[in-house]
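Subject: Structure for you to look at

Hi,

Here is the structure I promised to pass on. Please open it next to this message, and my notes follow below.

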Amino acid sequence: MGLNAFTGWGLSTLALYFLNKSSNSSSETEMDPSDLNVGSNETKIGSPIPVVIGRCLVKSPIVSYFGDFRADKYTETYAAHANFNAWPLVFALIAQYISSPATTKGEGKGSADTKDGKAPVTVEIWGKDMAVGPLINSLFMWLLSWLINGRNLKTTIQKGFKYFLGYQFLVCWSSPTMRLRAIYMKEQKVWEGDESRENHQTTPFSISVDDNELFGGPDENGGFIGEIKTYLGGDNQGADPWMVQQMSNESVQLELRGLTPAYRDFVSIVVPTAYIGKSATIPETWIELQDCPNYLGLGPVGEDANPAEALFLIHTNQDWGLAESPDSIDKESLMKIGKTLADEGIGISIPITNTTEARSLFDDICTHVNAVKYSDPITGRLTFKLIRDDYNVDEVQVVDTTNASSFTFTRLDWTQTISKISVGYTDRKAMYEESTIPAVDPANIEINNGVQTTKSYNYNYFTTAENALWAAKREINEQSYPLATGSIEGNRKLSNVRIGDVIKVNWEPYGVKNLLMRVTDVDFGDFIDGKVKIEAIEDIFGLSKTDFGFSGSTEWEKEETYPTGVQAFRYLELPWEICQCNDTYVSAFAAKPDAKTQTWTVWRQQQNTPFQSTNSMSNWSATGRLVYDIAEFSDVEDILGFEIADLGGIEELESSNIADISVARKGSRLLVIDDEIVSYSMLTQLPNGHWYVKGVMRGVFDTVPRKHFAQTNVFFIRSSYYANVTTGGPVCREGNIVTEQYNITTSTVDHDEEMDYTKTKQLTTTRRPELPSVPGKIRMAAHLQADQYHTDKIAGDLSMSFIPRNKRQSFGCVSQNDEIEYWTKQDLVAEVGTDYIARVTVAGVSKDYTIDSSPFTYTWEQRCNDLNSLNEKTMIELYARKGELLSYQAQERSFDWTIPTLVNCVASESDCAALLANWSIVDRVVIPDGDLATTKQIMFTDMPIVILGEKVSAGTANAICSYDGDYFVANGQIMIVTGKNTYELYTMQPGYVFRSYFVPTATGGSMYYEWDGTKIIERVM
C-alpha cells in the first residue's frame, strides 16, 4: 500500500502532536526576566528640583520612589488551521468498499471520453482487498483535517516578559499658577489639555492609558496600561493612597516606614502598579507644564511668561530664588518693561534644571529682551530698562563742553561688521528641540564686496520662530552698521545719567551734532574729584537723527595723535603644552590702551647688553579684568564660569554656542589669570558690555587652581595675538636658565612712545617645559572625613591621595578631576623616573617627604614630632619630581590640625562604653561641669579620646589626672570616640600629643601631654 506525500506529512505531524501531548516537557522557549533599570532618572536623586517659568517640557523627571515590580511571561500560541473537509472522500471510499467484490476480479470492459467521442477501454475491477489502502488513507486525512480545523495542532512560544511597576515622579516646583498641558511617554503623546492647580486642590488629575501598542506592540517594546495621577501641588494636597500603602510595606526601612510626604510644594506624578511594556525600565516620560507668574499683575504673554514677571519671581522667591525683599527691586521699572514686552508679544519660557546663579539668569533674560540692569545709586533698588526707540530727542541729556571736559570716540570699520545673524531657539512646535532662524543684511554683503560674515546666538528662552526672528533682526540691525563708541569725562551735572539712558552729544571740536549714544557704563566717582565717567555706544535708533556737520573752521588741520603706554601687560614663560618642545620660550601680552594707539613693540635686555627691540605687532592681546573674586576651591569644571570686564579684543575671539566642558578639553581656547591657565568653551556678552566666560576647566596644563581677586587682569592665549620676546627662537635652550628684562612701547601713525623704564619687568626662567607634570585629583581623608577636595580643619592621621599627570601622554587639557585619560580611556601614568615631594610647612619651617606613589600618609605623631607649633596652620605642598626638577607649581592645602582632647581616663573598654552612654549626644561628647573643669563640648570630628590605664594614687610618677580627680598611668592605648556609642581602639606611637582640661593646679586651664613610647609626659607648647 503506497502513501502520497501529503498523507506522509500528516502522519508525521500527527505523531509529533501525540508525542508532545504525552510528554511532560513544555514547548515554550524559556528565558529569564531582566532586572529593573531605573535608568538616568535614578542618578538625578539629590539633584536640584527643576523650576518651570512659562511653558516648558520637563524631560525624565526625578524618580522619588518605585516599587511593586514584577515580570509576567509573555507568550504567543501558533496553530495550524484550514477549511479542508475530508468527509466526502471518506464517504465515497466507504461506498466503493461496500459495493466492491471480496477480491479483485481482473479486467473488464468500459468506455472513456476522447475527442472523437466514446472509445472502448479495458479497466481493472478492484475488490475489497485493493480498496483497504485508499480507505485507510482517507481516514487519516479526515483525522488530520479534524485536528487542523479544530486548531489542535499548536505550539506556544515565549516572546519576552510583560513588566509591571509602580512609581512616583518629582517633576518641579509648583505655584498657584501651575498648569498641566501634556504628557508624553517615549515621545508618544498620551494626553493633552489644560488642567490648572486651582481646579485640583485636594485631588489629583488622573488619566487612564490603555494602549498595548503604545511602544510598538508585542513584537517591539509593548505598551502601557495604567493610571497616571498628576498632583499639581497646594496647601490642601494630600498624600497619594498608593504611596501610603507602599510606604507601609516591611521592605521600607524602619525610620521611613509609614512616612508619606504629600509634596505640596511640588508637581508630582504617581503611577500605581501598571503594565509598563516589555522593557524592565520606567518609560521615558516628558511632562509639559505651564507656569506664568502674575505677581505684578502682568499675566502671561501668549503661552510664555512675561519676562518682567520672571525677573521679579527669581528675585523674590523664598524656595528656590534669591529670597530678596520685594522692596529691593524697582517694581515700577519692571511694570514698565513688562507692559512694553506684552505689547510686543515678547515672552519667555525658562526651564531651570541645574544650579544656576541668579545673576546669570538675570543677564540671560536681559540679553533676550534687549534690556539692561543696574543698581540705582539713589534708591539702591535693582532697576531694569529696555533698549528701545522710546525717547524724545529733545528731552534726553545733552553732553557738550559745558558739562564734559573730554569726549573721545571711534567707529568700527565696515570689515568689522556682521552681515548674517543666526539665532537658535527652543521650538515648541518641534517638541522643544533647538531650531535656528537667520537674518541677513544684503547691503552689508554688498559693501564688503560679497563677503558674508556670520555670528550665532542662543536665545533658548524663546519658544516661537516669531520671537527668534525678532531677536535676529535686532542683532543684525545693531551689528551690520559700524557703530561708534565713546568715552566721556564730565562733571557732576551728568550724575543723573543711568545705564541704558540715551544721551545727545554735541561736540563742536569734532563737528558732531545730535550724536545719540546709549550709555553702557557709568562711574560716578566721588564727591572729592567730582568726575563722572561714561562709556557709550551709538544708538541704533538714533542714526537718522544725528547730524555730522562742518565745524565752521576754515583752517582745520589734522590733529596729531600720540600713543598711550600699555596699562595691562604681562610676560609668560610658556609651558610645554603650548610650545611643544623643551627649549624655553617667553611671550609678551598687551591690551590695547586706546583707539588711537596702533602698534606695540617688545624690548629685550640680556645680561650686560642694552635694550633691543625684538617684535612689533598690530594685533593686540584680548584682555579682560575680573569683576568678582574667584575662589581657590571652586568647581574645577565650571559650566557657569566667571564675569570679566572687557579691556579690548574679546569680541574677536572664537566661542562655542554652548558651555561644554568637552570643548574646553581640546585646549584650543585658553586664558591666563595670575599664574593659572584656564581652558574655556564659550563667551557670552552681557548687556553692560561685560563678558561671561563659560564652560571652564581650571588649572590646566602645568598649573593648579588658585584664588584670584577682583580687578585681576585676564589675558587670552591666542596665536598671533601675543609676541615672542626674541627675534625668533627660544630665550634659552634645554637645560639652561636665564634672567632677562623686558619692556613694551607703543606707537600711533604719528609718534612712537618713549620707553617708560618704570614698566621694565625682570623674569628668571625656570626650565618650565622640562618640568614634570603636577599631580591632580587631590583628595584628603582624616578622622571622620573622607574624599575631601579641600578641608579647613582635620584631626588624626592625614591621607592625601592623587592621580599622576603626564603632559606627553595626554591630548588637550586634563581636568583636575580626571582619573583616566579622557580621550583614550587609558590610565594616567607619570613619566618614567618621576616621584613626588610632600613639603609640610608650619610657621615658616618645612620638612620634605619623598613618596613614590599615591597616597601620602602623614600621621598625627609625625606632625607632633616634626614641627612643634601644633596650634599653627599646617600647609602641605605636593610636587612632582624628576631628577633635580620639581613641577612648575604644587598642589597646596592649608588647614588647622585639631589636637585630640582627653574626655576621661578609664580602666577598661566597658568603662568607656558606660561613659559614652552618659556623656555622648548626637554629634559630640559633653563633659559635665566638675571640680577640675567647667562644662566642655567636644565634637566627634575634633577627636575626643579616652585613655586606658591603671588607676593609681596621687603623686604616682607619670600619672595624669582624670575628670573626677583620680589618677591613671596610661598603658599606651586610647579609645578614639567616633560616634554616640562608638569608638576605635588605637595604640599611640611616640610623640602623640593630646590636650587635657583636668589640671589640679590650675582649675579652668588646660595642659598638653605627649606619649613618649612608654609613658605620658608633659608637652611644652
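Strands β25 (residues 569–573) and β26 run antiparallel and are joined by five bridges. Strands here are DSSP runs of E with at least two residues, helices are runs of H or I with at least four, and both are numbered from the N terminus; two strands pair if DSSP finds at least two bridges between them. Within this pairing, leucine 572 sits opposite serine 587 of β26. β26 also pairs with strand β38 (residues 723–724), again in the antiparallel sense, over two bridges, and there alanine 588 faces alanine 723.

Before I go on, some housekeeping. This is a predicted model, in which local features need pLDDT of at least 70 and side-chain atom pairs count only at pLDDT 80 or more, while totals for chains, interfaces and linings use all residues. Residues are numbered from 1 along each chain as its sequence is written, and side-chain values use heavy atoms, with hydrogens and water left out.

Back to β26 (residues 586–590): five of its five residues are buried, so this strand is largely enclosed by the rest of the structure. Buried means under 20% relative accessible area, exposed over 50%, and partly exposed in between, with a 1.4 Å probe and protein chains only. In a regular strand, side chains alternate between the two faces of the sheet. In β26, Val586, Ala588 and Ala590 lie on one side and Ser587 and Phe589 on the other, and both faces are covered.

A few backbone details may interest you too:

- Serine 854 and proline 855 are joined by a cis peptide bond, with omega about 0°; proline 855 belongs to the loop between β46 (845–851) and β47 (856–858).
- Lysine 777, in strand β41 (residues 776–782), has a positive phi near 50° without being a glycine. Its relative accessibility is 16%, so lysine 777 counts as buried.
- Alanine 843, in the loop between β45 (834–842) and β46, also has a positive phi, about 50°. At 54% relative accessibility, alanine 843 counts as exposed.

As for the chain, it has 14 helices and 60 strands, and buried residues make up 48% of its 1021 residues. Among contacts (heavy atoms within 4.5 Å) between residues at least 6 apart in sequence, 68% join residues at least 24 apart.

Best wishes
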